[in-house]
Amino acid sequence: MPGVFQDEQLHNPPSPTEMSAAEREMLSLKQAAAQRLCAGCPQMIDCLYRAVVQVDVSGFVACTTEHDRAEIRRQLGIEIQQAATTPYGTARVGGGPVSHEAVMAARHAHPRDTCHQLAERLDCSTSTVKRHLRRAREQQANPVVAAAPASAPSIDAVLDAFDQLESSRQVA
């Protein structure tokens, strides 16, 4: 269901201060629809475990946002290493790689554009734009690198951390 799970606002939600009450309500409805569908999927637990422990995916996955998964990883002491051979901004057909600076300049010049719109402006893929924006967030956050656990956490540990995250949402 790309209309639900590939919605740009689920991938990169705007700041609540930048949205009107109607826009916040619409985003809340989109998140609720995506969460209902994810929660009902028979693969949800495996998907959550993989997205938290094994692969750093972008967007809305297993009832979580990128921020949610980062919080669960922090809580469990997990660090996912990107492969050293994975560059930010892979080569375009006929155009060479898109530089990080070009993506950031486009984002600065067009802050309201979606990742898809920026990709069209730069003649590259949406995933390339997302990788560069993720890189910028990582550089800006400059997190303290936690030591990787000796072994991967159990599914139960990941589910417990997910439950704590969900509980904190309901309280807020």
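Let's start with one pair. Glu 71 and Arg 74 form a salt bridge, with their closest N and O atoms 2.5 Å apart. By salt bridge I mean a side-chain nitrogen of Lys or Arg within 4 Å of a carboxyl oxygen of Asp or Glu. Glu 71 and Arg 74 sit three residues apart in helix H5, so about one helical turn separates them.

Some ground rules. This is a predicted model, where local features need pLDDT of at least 70, side-chain atom pairs count only at pLDDT 80 or more, and totals for chains, interfaces and linings use all residues. Residues are numbered from 1 along each chain as its sequence is written, and side-chain values use heavy atoms, leaving out hydrogens and water. Helices are DSSP runs (H or I, at least four residues), and strands are too (E, at least two), numbered from the N terminus.

Back to our pair. How accessible is Glu 71? Glu 71 is partly exposed, at 26% relative accessibility. Arg 74 is exposed, at 57%. The cut-offs are these: buried is under 20% relative accessible area, exposed is over 50%, and partly exposed is in between, using a 1.4 Å probe and protein chains only.

How many salt bridges does a search of the whole structure find? Five. Here is another. Arg 73 meets Asp 56, side chain to side chain, at 3.6 Å from N to O. This pair links distant parts of the chain, 17 residues apart: Arg 73 is in helix H5 (residues 66-76), and Asp 56 is in the loop between helix H4 (44-54) and H5. Arg 73 is buried at 8%. Asp 56 is partly exposed at 23%.

Next, Glu 66 and Arg 137. Their side chains meet in a salt bridge of 2.9 Å, N to O. Glu 66 is buried at 18%, while Arg 137 is partly exposed at 35%. There is a network here too, with salt bridges linking Glu 66, Arg 134 and Arg 137.

Now to H8 itself, residues 126-141. Arg 131 does have a polar contact of 3.0 Å with the side chain of Thr 128. A polar contact is a pair of N or O atoms within 3.5 Å; within protein, one must be able to donate a hydrogen and the other to accept it, and residues adjacent in sequence count only if both atoms are side-chain atoms.

Lys 130 is also in H8. Lys 130 is buried, at 18%. Leaving aside residues up to four places away in sequence, Lys 130 touches His 11, Ser 58 and Cys 115. Contact means heavy atoms within 4.5 Å.

Last stop, the loop between H4 and H5. Ala 62 is in that loop. Its phi is near 50°, a positive value in a residue other than glycine. Ala 62 is buried, at 2%. Cys 63 lies in the loop as well. Cys 63 is not a glycine either, and its phi is positive at about 65°. Cys 63 is buried at 5%.
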